[in-house]
Amino acid sequence: MNGEDDMKTANQTCERAGTGPAVEKAMGRAVRGHILLVEDEPSLAALEMGVLMACGYVVTLVESGELALSTLREIVPDLVLLDLDLPGAVNGWDVLKALRAYSGTSTTPVLLTSAEATAQKYLRTCGETRSTLDHLPKPYPIQTLLKRIERMLDMTP
């Protein structure tokens with residue numbers, strides 16, 4: 001597949017997810033929000049980043065918890081798409097805890113992605129609403145990811 005085919009597929013995915021009008025504006029005419037994507041799996045990160053950008057989002061990609069923490073000191077994204085299963089000394093749970101402790105990002109919506117069953121249990125006991133914290137179990141359809149992101153951003157004050 002070439003770059004043109006990849007973009008066409010990404011645009012079709014955005015349209016199927018109900019984000020069609022944004023696709024028309026995405027090519028340099030409108031920005032829907034800034035997403036910090038924290039994902040260590042290169043192929044999944046590339047897929048998510050490409051689709052999100054095609055749908056009009058600005059995306060900052062980091063592949064470790066350490067990089068996520070340093071990035072959060074520099075930017076305040078509109079949403080964090082956070083893989084819980086990160087390599088290294090700082091995992092996704094550590095990033096979430098630090099994110100909630102930072103004054104500028106304490107209410108930033110976070111969409112957790114993981115195959116971990118503990119994420120669902122945490123969501124039931126953490127006291128946050130689904131507008132600020134949600135979980136999408138892996139593997140998931142890209143259309144579901146887009147709908148969840150859009151819902152969370154629409155619910156954010």
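Reply: The questions and answers below go from the whole chain to particular residues. This is a predicted model, in which local features need pLDDT of at least 70 and side-chain atom pairs count only at pLDDT 80 or more, while totals for chains, interfaces and linings use all residues. Residues are numbered from 1 along each chain as its sequence is written, and side-chain values use heavy atoms, with hydrogens and water left out.

Me: In what order do the elements of the chain run from the N terminus on?

Reply: Helices (H or I, at least four residues) and strands (E, at least two) are DSSP runs, numbered from the N terminus. The chain holds seven helices and five strands. From the N terminus on, their order is α-α-β-α-β-α-β-α-β-α-β-α.

Me: What percentage of the residues of the chain count as buried?

Reply: A residue is buried when its relative accessible area is under 20%, exposed when over 50%, and partly exposed in between (1.4 Å probe, protein chains only). Of the 157 residues of the chain, the buried share is 46%.

Me: Is α3 parallel or oblique to α7?

Reply: Two packed helices are described by the angle between their axes and the distance between the axes. Helix α3 (residues 42-54) and helix α7 (residues 142-155) have axes 11 Å apart and pack at about 55 degrees; axes are lines fitted to C-alpha atoms, for helices over the stretch in contact, and angles run from 0 to 180 degrees between N-to-C directions. Angles under 35 degrees count as roughly parallel, over 145 as roughly antiparallel, 65 to 115 as roughly perpendicular and the rest as oblique. The arrangement of α3 relative to α7 is therefore oblique.

Me: Which residues make the contact of α3 and α7?

Reply: Contact means heavy atoms within 4.5 Å. From α7 come Ile142, Leu145, Leu146 and Ile149, and from α3 come Leu47, Glu48, Val51 and Leu52.

Me: Is valine 110 buried or exposed?

Reply: Valine 110 belongs to strand β4 (residues 110-114). Leaving aside neighbours within four places in sequence, valine 110 is in contact with Val80, Leu82, Leu96, Leu99, Arg100, Thr132, Leu133, Asp134 and Met152. With a relative accessible area of 0%, valine 110 is buried.
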